[in-house]
Amino acid sequence: AFAVAGLGEGSFENQAPWQIMAAVMAAGMVPPLGMALATVLDKQQFTMALRENGKAAWLLGAAFISEGAIPFAAADPFRVIPSCMVGGAVAGAICMGTGVTSQAPHGGIFVFFAIGNILMFIVAILAGMVASGLIYVALKRWTAPKRAEEPVIAYQPTTHTQRGTLMRTIKGIGVSAGRVLGPALRMPPPVPEPEADARFGADSTVDGEKARLKDAAEDVREDLRHRAETASGDAKAVLDATAMMATDPMLLKAAGKHINAGMAAERAIWEAGLEVAAMLQSLGGYMAERTQDVLDVRARIVAELDGLPAPGIPASDTPFILVAEELAPADTATLDPAKVIGLVTSGGGPQSHTAILARALGLPAVVGAAGSDSLSDGTELYVDGATGTVVAEPGSSEREAAAKYASRVSLPPFSGTG
């Protein structure tokens with residue numbers, strides 16, 4: 001924030017703010033790139049899920065999206081964070097020492113046209129990446145045994161538990177560390193899709209349908225803002241961003257074009273949501289993770305138009321592990337950690353709101369768990385948010401692992417001294 005705020009003060013006579021921005025950008029690109037390199041240098045040290053994250057981290061790092069390193073930091077913070085700090089310091093120091101400048105606040109290598117001394121900018125990034133990757137691999141080799149290869153399949157071989165029931169293992173992407181046992185509870189059915197040929201009747205007009213849509217969108221925005229007022233931290237930021245999306249001009253303008261063609265407001269916003277989501281998906285990376293946000297807002301607007309209840313977390317008197325295709329930002333941000341003790345989704349990725357807020361809440365979470373759609377309510381689950389493992393009807397080893405994690409001694413909050 002300091003570097004971005006100072007950009008406006010930079011000029012060709014005073015390039016210090018631009019130099020600071022370049023150093024910050026280079027340092028921020030290093031963590032995901034360093035971890036991506038580490039997965040190539042010594043892949044045996046990483047789970048299959050983290051190796052997959054490493055592939056995405058190349059693009060995320062190149063675009064200055066530091067969140068690409070989050071899955072690695074969540075799984076192994078005491079090695080990842082120091083190695084990334086050293087790599088980032090190397091990159092920043094080279095930039096400052098060679099007078100590299102950046103007039104762009106973000107974009108990474110893709111805003112090369114705004115970078116002064118681009119050659120040394122690239123050298124700085126490569127040096128930081130190599131330093132970070134090598135340090136992490138060295139720390140991993142010195143302090144942890146190599147991991148055995150994991151099978152590249154969604155379902156591992158099944159065995160029988162002591163209770164005589166069938167145990168099944170599902171692999172996904174671990175995005176928030178922790179090991180927990182609990183019954184599965186699925187999200188309720190989504191808002192139904194409006195009829196494909198839904199058109200407004202003779203008792204309505206184009207302006208009338210647009211007014212209905214605008215009112216519904218504003219109601220959804222106000223509801224999300226109200227939820228944001230009762231939240232804090234990442235949850236509040238996510239809800240505020242989603243609330244703004246409900247009345248996004250691009251979304252409503254796209255829906256308005258469909259209404260001009262005679263579509264009912266419900267179907268118009270449904271189609272507009274698809275179009276905007278497809279556009280974000282085509283951009284890839286972080287932007288692709290935002291498609292679920294658009295689809296959630298679309299569903300809430302349709303529910304408001306039709307007088308249906310909005311999507312939400314299922315109610316339960318006992319703690320449970322929530323299983324879903326993907327969680328909407330508003331749902332994840334307002335769930336009760338006392339009742340929801342773990343998250344499993346068949347969709348999503350390391351930068352999805354499910355992942356971000358699960359880490360903020362300290363909930364063990366696995367995303368991209370292909371096969372979790374078949375889990376039924378009440379099935380006992382074991383979730384390991386570090387390795388990306390979900391076990392249905394777990395055995396004694398999983399129970400012992402969960403019990404050991406539950407009995408761990410938490411570190412006291414850091415006070416900033418000592």
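**Figure 1. Asn-117, in the loop between strand S2 (115-116) and H6.** Helices (H or I, at least four residues) and strands (E, at least two) are DSSP runs, numbered from the N terminus. The model is predicted: local features need pLDDT of at least 70, side-chain atom pairs count only at pLDDT 80 or more, and totals for chains, interfaces and linings use all residues. Residues are numbered from 1 along each chain as its sequence is written, and side-chain values use heavy atoms, with hydrogens and water left out. Phi of Asn-117 is near 65 degrees, a positive value in a residue other than glycine. Most residues other than glycine have a negative phi. Asn-117 counts as partly exposed, at 35% relative accessibility. Here buried means under 20% relative accessible area, exposed over 50%, and partly exposed in between (1.4 Å probe, protein chains only).

**Figure 2. Phe-64, a residue with positive phi that is not a glycine.** Its phi is about 60 degrees. Phe-64 sits in the loop between H3 and helix H4 (70-75). The residue is buried, with a relative accessible area of 18%.

**Figure 3. The whole protein and the confidence of the model.** The protein has 15 helices and 11 strands. Buried residues make up 49% of its 418 residues. Contact means heavy atoms within 4.5 Å. Among contacts between residues at least 6 apart in sequence, 69% join residues at least 24 apart. The predictor's confidence in each residue is given as pLDDT, from 0 to 100. Mean pLDDT is 83, and 87% of the residues reach 70 or more. Over residues 145-165, pLDDT stays under 50. For that stretch the model has 48 contacts beyond four places in sequence.

**Figure 4. The salt bridge between Arg-141 and Asp-42.** A salt bridge is a side-chain nitrogen of Lys or Arg within 4 Å of a carboxyl oxygen of Asp or Glu. The structure holds 10 of them. In the bridge of Arg-141 with Asp-42, the closest N and O atoms are 2.9 Å apart. This pair links distant parts of the chain, 99 residues apart. Arg-141 belongs to helix H6 (residues 118-143), while Asp-42 is in the loop between helix H2 (16-41) and helix H3 (48-62). Asp-42 is buried, with a relative accessible area of 4%.

**Figure 5. A salt-bridge network of Glu-193, Arg-267 and Glu-271.** Glu-193 and Arg-267 meet through their side chains at 2.7 Å, N to O. They too link distant parts of the chain, 74 residues apart. Glu-193 is in the loop between strand S6 (179-186) and helix H7 (206-229), and Arg-267 is in helix H10 (residues 265-283). Glu-193 is partly exposed, with a relative accessible area of 48%. Arg-267 counts as buried, at 5% relative accessibility.

**Figure 6. The salt bridge between Glu-222 and Arg-221.** Their side chains meet at 3.3 Å, N to O. Glu-222 counts as partly exposed at 38% relative accessibility. Arg-221 counts as buried at 19%.

**Figure 7. Ala-255, in helix H9 (residues 249-260).** At 0% relative accessibility, Ala-255 counts as buried. Leaving aside neighbours within four places in sequence, Ala-255 is in contact with Leu-213, Ala-268, Ile-269 and Ala-272. Gly-273 is 18 residues from Ala-255 in sequence and 8.1 Å away in space, C-alpha to C-alpha.

**Figure 8. The largest pocket, with a volume of about 500 Å³.** Of the 20 residues that line this pocket, the closest to its centre are Pro-188, Pro-190, Gln-292, Glu-325 and Glu-326. On a 1 Å grid over the protein atoms alone, a pocket is an open set of points where a 1.4 Å probe fits, with protein on both sides within 12 Å along at least five of seven lines; lining residues have an atom within 4 Å of a point. Points are joined across faces, edges and corners, and the volume is the space filled by probe spheres set on them. Helix H12 (residues 291-306) gives the most to the lining, with five residues. The lining divides into 12 nonpolar, two polar and six charged residues. Ala, Val, Leu, Ile, Met, Phe, Trp, Tyr, Cys and Pro count as nonpolar, Asp, Glu, Lys and Arg as charged, and the others, Gly among them, as polar.
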